[in-house]
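Good morning, and thank you for joining.

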Amino acid sequence: MEEIKKLFSFDKKVKRAEFIGVYLFGVLALSILMIPVQEILPEQMFGLAALIAVVAYFWVMAANFVGRAKDVGLKGYYALLILVPLVNIIFLLYLVFLLYR
């Protein structure tokens, strides 16, 4: 339970391996797990389930980017760069390849 709380927390530093793991797991989990859910649930319920999953995904990813930015010595506000097209790719690569300061 503590690990799940940590995923949603903005008050932590995230090391590179954890950052990559959470990022890849989040992308794969959201895309792969929603396929069987779509088959099981009625259309109206699937929309609600997808909305909940997407909100949780974005919250975890935002916490992950803020934590990694803190780990490399930046303020958490730099995680907002993820919202800027093309800059987000450069920022992601910066966070992946830079060691902590």
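Let me begin with a definition: when I speak of contact, or say that residues meet, I mean heavy atoms within 4.5 Å. This is a predicted model, in which local features need pLDDT of at least 70 and side-chain atom pairs count only at pLDDT 80 or more, while totals for chains, interfaces and linings use all residues. Residues are numbered from 1 along each chain as its sequence is written, and side-chain values use heavy atoms, with hydrogens and water left out.

First, the overall picture. The secondary structure comes to four helices and zero strands, in the order α-α-α-α along the sequence. Helices (H or I, at least four residues) and strands (E, at least two) are DSSP runs, numbered from the N terminus. The C-alpha trace spans about 50 × 35 × 20 Å along its principal axes. Of the 101 residues, 27% count as buried; buried means under 20% relative accessible area, exposed over 50%, and partly exposed in between, with a 1.4 Å probe and protein chains only. Among contacts with a separation of 6 or more, 68% are made by residues 24 or more positions apart.

I turn to the pairing of α2 and α3. Their axes are 10 Å apart and the angle is about 175°. That makes α2 roughly antiparallel to α3. Axes here are lines fitted to C-alpha atoms, for helices over the stretch in contact, and angles run from 0 to 180 degrees between N-to-C directions. Angles under 35 degrees count as roughly parallel, over 145 as roughly antiparallel, 65 to 115 as roughly perpendicular and the rest as oblique. The residues of this contact comprise 16 nonpolar, three polar and three charged. For these classes, Ala, Val, Leu, Ile, Met, Phe, Trp, Tyr, Cys and Pro count as nonpolar, Asp, Glu, Lys and Arg as charged, and the others, Gly among them, as polar.

Asn-64 deserves a moment. Leaving aside neighbours within four places in sequence, Asn-64 is in contact with Lys-12, Val-14, Glu-18, Phe-19, Val-22 and Tyr-23.

Next, α3 (residues 43-71) and α4 (residues 87-97). These helices pack at an angle of about 55°, with their axes 10 Å apart, and α3 and α4 are therefore oblique to each other. From α3, Phe-65, Arg-68 and Ala-69 meet Phe-91, Leu-92, Leu-95 and Val-96 of α4. The residues of that contact divide into six nonpolar, no polar and one charged.

Finally, the two faces of α4. Which residues of α4 are buried? They are Phe-91, Leu-92, Leu-95 and Val-96. They cover an arc of only 135° around the axis, which puts them on the same side of α4; the arc is that of the directions from the helix axis to the C-beta atoms. An α-helix has 3.6 residues a turn, so residues three or four places apart point the same way. The buried residues of α4 pack against α2 (16-40) and α3, whereas the face turned away from the buried side carries the exposed residues Ile-90 and Phe-97. Leu-92, in α4, shows this packing in detail: apart from neighbours within four places in sequence, Leu-92 is in contact with Phe-19, Tyr-23 and Phe-65.
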